[in-house]
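Biologist: Before I rely on the labels attached to this structure, I would like each one set against its definition. Could we go through them in turn?

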Amino acid sequence: MRNALILGLIATSITFQGCKKSFLNIDPAQNQAATQFFKTQDDATKAVNAMYANLHEWNNIAFAPIAIESMGSDDVEKGSSASDATFFNNYRNFTVTADEGQLGGFWTGQYQTINFANQILTNVPGITMDENLKNRYLAEAKFIRAYAYFRLVRAFGDVPLRVTLPKDASEYNLPRTPKDQVWAQIEKDLTDAAAVLPQSYSSVDIGHATKGAALTLHAKAALYQKKWADVVTYTTQVMGMGYSLFPNYEQMFRTTHKNNQESIFEVQNLLIPNNPAASNSQYSQVQGVRGSVGGGWGFNVPSADLASSYEAGDPRRDATIIFRGETTPEGDVIPAQGDNPMYNQKSYVPFSLYVSGFNEGAQQNKIVLRYADVLLMNAEANNELGNPSAALVQLEQVRARARAGNNAILPPVTTLDQTALRAAIYKERRSEFAMEFERYFDVIRQGRGAQVFGVRGWTAGKNEVWPIPQTEIDISGGTLTQNPGY
């Protein structure tokens, strides 16, 4: 949580657990102190762009998020070869200890994001520039800060809450803030952001946070706190803003349909010709088909449990899972033999788009928020509030898109019984968002951790959160405390 602004961004590579990671590094010769940098509108724009660029840095999009946000789920297995990156198994089996490196990586990634946002919120107000643009940049920074704290609080519970830059060394170490206060700050930031952010942008600013993104993330924060009336309020607002479901579920995740009408917020990733260093996203690469040119490393693969969980004939199964021996809709022949029987199709980029010298799939965006989630959050909240008829309307929209006109599959859900409808919505969320880093924390917030994950060692009263990184406790001199049971 140092007071530093990364201005010079250069890519490099190091050997890591048998793989290579590209990441943003600091070039001291290109850095400027914040007091020297934040002078003009152009400086403010550069700072905002750097904040967004940080979202596809290694700790924000690759191994650490897979470990923290996906590996505990029943939807996935480690993947790759049996001997590669075996630390993932400790997350899957709930045997991870506080000194495992991905914990610290995830923690660092989120607080780097928060630092970028805090730099903007502290320094941009003093710049003489277009006031409307200034207010928009501040609102974007609040959205991004809220997103990082959302990821932190659901992963670790109580975490240090830093909303200002430290003035001196005495403010570097902060104790853990009770999670209720962290959630309150998330909601405040998102309320502030939604009041200012536009509903859409011109093409030059596609990918920046919108009013719809702020409202959707606010609904999600309310969902995790079981504030059902608030979930309905925020999702209803988003439902009136012109979003719609993309008609072809499988094609929604291809690079040719980035930022479509269903997309609410995506981490923007590009393959920039002749510039591999700037094309450094590894989101697709680390999950790509192992052993195929243009594929990837083969981590975070679908589980047999996921493959068997879909309703008969659900097209989302084949749109989510690449099976060994198949030919993808884009014409890639997947070898019948290999380390893993299945791979994540949602992160997949057709092999023909691979460019030698670049990370595989560098151009694949990471979808963070999409309209189907708005509909299913609205359905869940309405059901919890005793409005099953309203819940069924939104649930049916999602199922109808998946059905794609084939009325022989995925029949409409008709039950008005709250318990049965709750189970149907939970099942729908699994089918709709499989391999999108939603399932693990969904099950925990639903209070079903022991029921779903207990067979692999998940224990109530402990595994609702991951351990605080021991490196951070050590650096803090004991100011930070450990979660129970670790």
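**Labels and their cut-offs**

Biologist: Why is phenylalanine 94 called buried?

Modeller: Its relative accessible area is 6%, and buried means under 20%, exposed over 50% and partly exposed in between, with a 1.4 Å probe and protein chains only, so phenylalanine 94 counts as buried. This is a predicted model, in which local features need pLDDT of at least 70, side-chain atom pairs count only at pLDDT 80 or more, and totals for chains, interfaces and linings use all residues. Residues are numbered from 1 along each chain as its sequence is written, and side-chain values use heavy atoms, with hydrogens and water left out.

Biologist: What makes the phi of phenylalanine 94 worth a remark?

Modeller: Most residues other than glycine have a negative phi. Phenylalanine 94, which is not a glycine, has a positive phi near 60°, and its place is the loop between helix H5 (87-92) and helix H6 (101-123); helices (H or I, at least four residues) and strands (E, at least two) are DSSP runs, numbered from the N terminus. Asparagine 300 also has a positive phi, of about 55°, but this residue is in strand S5 (residues 299-302), and with a relative accessible area of 0% asparagine 300 is buried.

Biologist: How do you know that lysine 134 and glutamate 131 form a salt bridge?

Modeller: The term requires a side-chain nitrogen of Lys or Arg within 4 Å of a carboxyl oxygen of Asp or Glu, and the closest N and O atoms of lysine 134 and glutamate 131 are 3.3 Å apart, so the pair qualifies. The two residues are three apart in helix H7 (residues 131-156), which means about one helical turn separates them. Lysine 134 is buried at 7% relative accessibility, whereas glutamate 131, at 45%, is partly exposed.

Biologist: What makes the salt bridge between arginine 399 and glutamate 428 a tie between separate parts of the chain?

Modeller: Their side chains meet at 2.7 Å, N to O. Arginine 399 belongs to helix H14 (residues 388-403) and glutamate 428 to helix H15 (residues 418-433), so this pair ties together parts that are 29 residues apart in sequence. Both residues are buried, and both belong to a network of salt bridges that also includes Arg401 and Glu432. The structure holds 36 salt bridges.

Biologist: How do you know that the length of H8 agrees with its number of residues?

Modeller: The expected span is 1.5 Å times one less than the number of residues; for the 18 residues of H8 this gives 26 Å, and the end C-alpha atoms are 26 Å apart, so the two values agree. The buried residues of H8, among them Trp183 and Leu190, pack against H7 and H9, where contact means heavy atoms within 4.5 Å.

Biologist: Which strand gives the most to the lining of the largest cavity?

Modeller: Strand S8 (366-370) does, with five residues. A cavity is a set of points on a 1 Å grid over the protein atoms alone where a 1.4 Å probe fits but cannot get out, and lining residues have an atom within 4 Å of a point. The largest cavity holds about 290 Å³ of space, a volume being the space filled by probe spheres set on the points, which are joined across faces, edges and corners.

Definitions and conventions:
1 Å grid on protein atoms, 1.4 Å probe; cavity = no way out; pocket = protein on both sides within 12 Å on 5 of 7 lines; lining within 4 Å.
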